[in-house]
Amino acid sequence: MKLITFAIPSYNSEAYLQKCVDSLLKGGEEIEIIIVNDGSLDHTGIIADQYQEKYPTIVKAIHQENGGHGSGVNTGIKHATGLFYKVIDSDDWVDEDALHKFISQIKTHIKENIEIDMYLTNFVYEHIADDTHFVRSYADKFKTNEVTHWEDVKKFKYSETLLMHAITYRTKILQEHYMALPKHTFYVDNLFAYQSLPFTKNLYYIDIDFYRYLIGRDDQSINMTNIVRRYDQQIRVMREMLSRYDYQDIIKMDKGLRKYMFFCLSTVMIVTLMFTTAVNEKCRKEAMNSLWNDLKQSDYKMYLKLRYFHYPVIITILPWRLKGRVTTKGYLYFAKKIKLG
């Protein structure tokens, strides 16, 4: 039985795919690696095929027309056979010691007949420019090495959401309840991390620096210039998240999960405001107003919750230009802290 399926959505990744795959191969026969070649124009597909030929019991190479990162994640879930499922971006990698500890913990839970719905681990921002690191730890939010539930989770800060890099879902949950991510859309990692949370009950946090997140490439979606330019993508993801569960759905959830779901939505809305208001353009104002108006019409209580009651109201009532300055300065402060670049 494969314990973990690692899916690697890959587009024009020939320069760094090998480092990613090689780090995962240290897990041996107990893991599955699915390389999704998303219509690459370079040698990514050839590299994927070479790995499949060399490691036929571990690596699967799947080739598809370009559909974007979300499409690669969807394909990985469809073909996954591992007990758990984790997405690894093609320019990232995992720590070998942490990988072995992670696998060992899964095996222990299987032996003890303990069913975990979601594992949480730390991830590390790896900076190209100066070879420095910033660890995103969740040790102050979850009990360590102990089965826990949402009511035990402590309050989050806006810079500490559960990102895709920290989450490993039980594959069965994704295959039974998963709603496909939209194609050709950036920032769907927020949607992936969010939408399956209501189907998790037993959580387990391992305080290991597992996922290594490369920071510093100019073409990265997380680059501030790119996020500001792609504000419409951020709005689309926000709309998708709001469409998954309405206010009435969320208030019926257990208290701890309910609190986190509202927190996650408000955090992504702040990011959406931040990068939409960063430039004073009519089209951006119209797009943001359309988002708020549509939410007001479709889910009035959620509208009130997000606009007036879940983060400082000043963010929403400031004039457009001042709002852009305030939110952008907030992001720059956070980016400087972890050196997002």
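Is glutamate 32 buried or exposed? Glutamate 32 counts as buried, because its relative accessibility is 4% and the cut-off for burial is under 20%. The points below set this residue within the structure, which is a predicted model.

1. Overall composition. The secondary structure of the protein chain consists of 14 helices and ten strands. Of the 341 residues in the chain, 57% are buried. When contacts between residues at least 6 apart in sequence are considered, 78% of them join residues at least 24 apart.

2. Glutamate 32. This residue belongs to strand E2, which spans residues 31-38. The side chain of glutamate 32 forms a polar contact of 3.0 Å with the side chain of lysine 60. Leaving aside residues up to four places away in sequence, glutamate 32 touches Lys2, Ile4, Thr5, Phe6, Ile58, Lys60, His79, Ala80, Thr81 and Gly82.

3. Isoleucine 33 and the nonpolar core. The largest nonpolar core holds 101 residues, and Ile33 and Phe192 touch the most other members. Helix H10 supplies the largest share of this core, with 13 residues. In soluble globular proteins, nonpolar side chains tend to be buried together. With residues up to four places away in sequence again excluded, the contacts of isoleucine 33 are Phe6, Ile8, Val21, Leu24, Leu25, Ile58, Val59 and Lys60.

4. Packing of H10 against H12. Two packed helices are described by the angle between their axes and the distance between the axes. Helix H10 (residues 255-276) packs on helix H12 (residues 300-309) at about 65 degrees, and the axes lie 10 Å apart. The crossing of these two helices is right-handed. On the H10 side, the contact involves Phe262, Leu265, Ser266 and Met269, which meet Met302, Lys305 and Leu306 of H12. Sorted by class, this contact comprises five nonpolar residues, one polar residue and one charged residue.

5. Lysine 255. Helix H10 also contains lysine 255. Lysine 255 is classed as exposed because its relative accessible area is 56%, and the cut-off for exposure is over 50%. Between lysine 255 and aspartate 152 the C-alpha to C-alpha distance is 9.9 Å, although the two residues are 103 residues apart in sequence.

Technical notes. Residues are numbered from 1 along each chain as its sequence is written. This is a predicted model: local features need pLDDT of at least 70, side-chain atom pairs count only at pLDDT 80 or more; totals for chains, interfaces and linings use all residues. Side-chain values use heavy atoms; hydrogens and water are left out. Axes are lines fitted to C-alpha atoms, for helices over the stretch in contact, and angles run from 0 to 180 degrees between N-to-C directions. Helices (H or I, at least four residues) and strands (E, at least two) are DSSP runs, numbered from the N terminus. A crossing is left-handed if the near helix is turned anticlockwise from the far one by less than a right angle, and right-handed if clockwise. Contact means heavy atoms within 4.5 Å. Ala, Val, Leu, Ile, Met, Phe, Trp, Tyr, Cys and Pro count as nonpolar, Asp, Glu, Lys and Arg as charged, and the others, Gly among them, as polar. A nonpolar core is a set of buried Ala, Val, Leu, Ile, Met, Phe, Trp, Tyr and Cys residues joined through side-chain atoms within 4.5 Å. Buried means under 20% relative accessible area, exposed over 50%, partly exposed in between (1.4 Å probe, protein chains only). A polar contact is a pair of N or O atoms within 3.5 Å; within protein, one must be able to donate a hydrogen and the other to accept it, and residues adjacent in sequence count only if both atoms are side-chain atoms.
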